[in-house]
Amino acid sequence: MIERKRLMGIAHLARRIKQPRSLWVKMAFIVVLGLCFVFFWSFLSSSASSFNVQRESFDDIAEPVSSRTKSAHKEVSESSKSHEKSKVESGSKLKEGKRVGGFVHKHETKKKKEHIVSHPHKKKDVLKPVVEEEETVVKEDQEQVEVESDDSESNKENGEEGVESDGNEGDGNGNGEDSSASVEEEVEEKNEEVTVTEIGKKRKRKGPVFDPKAVYSWRLCSTRSKHNYMPCIDNDGIIGRLQSYRHRERSCPKKPVMCLVPLPHDGYDPPISWPESKSKILYKNVAHPKLAAYIKKHNWVNESSEYLTFPQNQTAFNGNVLQYLEFIQEMVPDIEWGKNVRIVLDIGCSDSSFVAALLDKDVLTISLGLKDDLVDLAQVALERGFPTLVSALATRRLPFPSGVFDTIHCAACGIHWHSHGGRLLLEMNRILRPNGYFILSSNNEKIEDDEAMTALTASICWNILAHKTDEASEMGVKIYQKPESNDIYELRRKKIPPLCTENENPDAAWYVPMKICVHEIPSAIEQHGAEWPEEWPKRLETYPEWLTNKEKAIGDTNHWNAMVNKSYLTGLGIDWSHIRNVMDMTAIYGGFAASLMKQNVWVMNVVPVHSPDTLPFIYERGLFGIYHDWCEAFGTYPRSYDLLHADHLFSRLKNRCKQPVSIVVEMDRLTRPGGWVVVRDKVEILEPLEEILRSLHWEIRMTYAQDKEGMLCAQKTLWRP
């Protein structure tokens, strides 16, 4: 009976479907089935691709912890040891994981997880005067190079996944499209088929960094920015040529840049040496169409024959810059330029008079040239010999650690600090040292902006130390001070902006989105930033309590003092009177920069993102630097540096970059004609590197090798293809 009723029901349903009015029912049924199939298929596809991306990015990176607490240090040690144990079992020659200087790099993903790379750095050098004392170091470091080259996948990928969520924040005006598009392109590129087996093969590959059989044929870059091309800042894609001149955020080309940046239209002559370059430079070296129009409207720079001249102490605003500095110190005597305040960040690059005047007071100031500077004033500052970095200031963190700048200065920089939830000022709060000073100078400030700024600074507990108008410059000057402890945060009536979560690493800065939150102030003695550094110059040789490997830091300083004094200053054929802008491409403790303090140079210390995070200590000793991934172009103009120093850069980057030759192309872009590169690395790397430099028509000035380690010194020429 039951079976009969079931058959009758099926027959009745079939008759209903055959009826015309059931046509919509059939269509709806088919559509539902189709949607279910599409949803199920897309779910499987996205899961597989995300697995591939994560395996490609994080295969050899340990679990995250915060470097701000003691417990974090223990977790890092345990994670590192566990990771090293698995590597030993697979047959690799790795030692037990250690922390250098108590730091590890951390980079966030869109899942808000942090991943760390913790490996010991040991310096290695082979110059004859000090070879005997370095043999042990070289042997120990060979294993370290293998660790870093095998284990270090691109941390930039980790950070960019975090930025992908930031692209959805936008700013309410659609300005986030450029950033989002670049992230989607790079994520799409990472979604190429990469199996676990292929990743394993890649990690085990021990092939040469450079192909010894390769033949190189060079061409000039045909970009819109021409001789001023900055690959990760200028918008030179096919679609980009129809959009803005520069990216809203850092966005690098999909493929490594393998073209050479041309020289300026009228050629390039050797730059004027320091200190004469403070007052004049060769115009044709920085020629720019908009610069010519700019000069006619400003009196701090004049065109005189073939030169650009800069009247002493003249500023973009009225008055004398020395009077301006004295006015600030009178307002807050504790500032004490050159003693209490040593490291300053100057937002916006205009006349550089502020930077020049502070140099005479033993204050090291780095100017942040914003990407909106279409007159290329940052390039003028570099040609004059002033420390300058070009970067966007929009939604991502600046490439600095937390709590490292003694003072941040903004004079008529045109930034609306209170916009977008105050995230730009919160970024300044992140990188400003506890008890540090934020100096804001402006004229004709709107009442609405002033009220909004007052409310924002009060919400993050900044204290207004002084607010006066300088009669000479007619500038209204406000000096704020960041609190020195967390107690004041608890007294806020409204917890807006909120305190950042405990797992939010304040030192993560490479492709990490800005967060609208306030980081807690370090309080424990083992945390960097808990105490104000010693007065300059004592702080250069002071090793703080939170530095766990003081012996290594001291050894690094002594090592480079010996190397520079015995070899670099006299044995390489370099005329140091023509050297001003220097970059250490693989800075560790800043020993190389410290050894050059008696020379008329400044050194940009670059800590690669895949290396242990020692950058806070570099700032602590009164030097400065940034984080960077050398698989990408550096944030500056072509022809910015007189000397590049690369200590085992290529062996540490082995198997990380898609095309290591592009790093040599980038070195060619960064170096001025007549400038130098000094490379220390394995002989198997230096030999093909020498051939690459010869193909670029560089002059090889010196090569030296001993026990599979060597050194190469080369000088760039004016040659362009």
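A residue is called buried when its relative accessible area is under 20%, exposed when over 50%, and partly exposed in between, using a 1.4 Å probe and protein chains only. By this rule Tyr-568 is buried, because its relative accessibility is 1%, and Trp-560 counts as buried at 1% as well. The model is predicted, so local features need pLDDT of at least 70 and side-chain atom pairs count only at pLDDT 80 or more, while totals for chains, interfaces and linings use all residues. Residues are numbered from 1 along each chain as its sequence is written, and side-chain values use heavy atoms, without hydrogens and water.

Of the chain's 721 residues, 58% are buried. A nonpolar core is a set of buried Ala, Val, Leu, Ile, Met, Phe, Trp, Tyr and Cys residues joined through side-chain atoms within 4.5 Å. The largest such core holds 124 residues, and Trp-417 and Phe-438 have the most contacts inside it. A second, separate core has 23 residues, including Ile-328 and Met-475.

Aromatic rings come next. Rings of Phe, Tyr and Trp (its six-membered ring) pair if their centres lie within 6.5 Å; planes under 30 degrees apart are stacked, over 60 edge-to-face, and the rest tilted. The structure holds 22 aromatic pairs. Trp-560 and Tyr-568 form an edge-to-face pair, because their planes stand at 85°, with ring centres 6.2 Å apart. Tyr-589 and Phe-617 are also edge-to-face, because their planes meet at 80°, with centres 6.0 Å apart. Both Tyr-589 and Phe-617 are buried. Finally, ring pairs join Trp-417, Phe-438, Trp-462 and Tyr-480 into a cluster.
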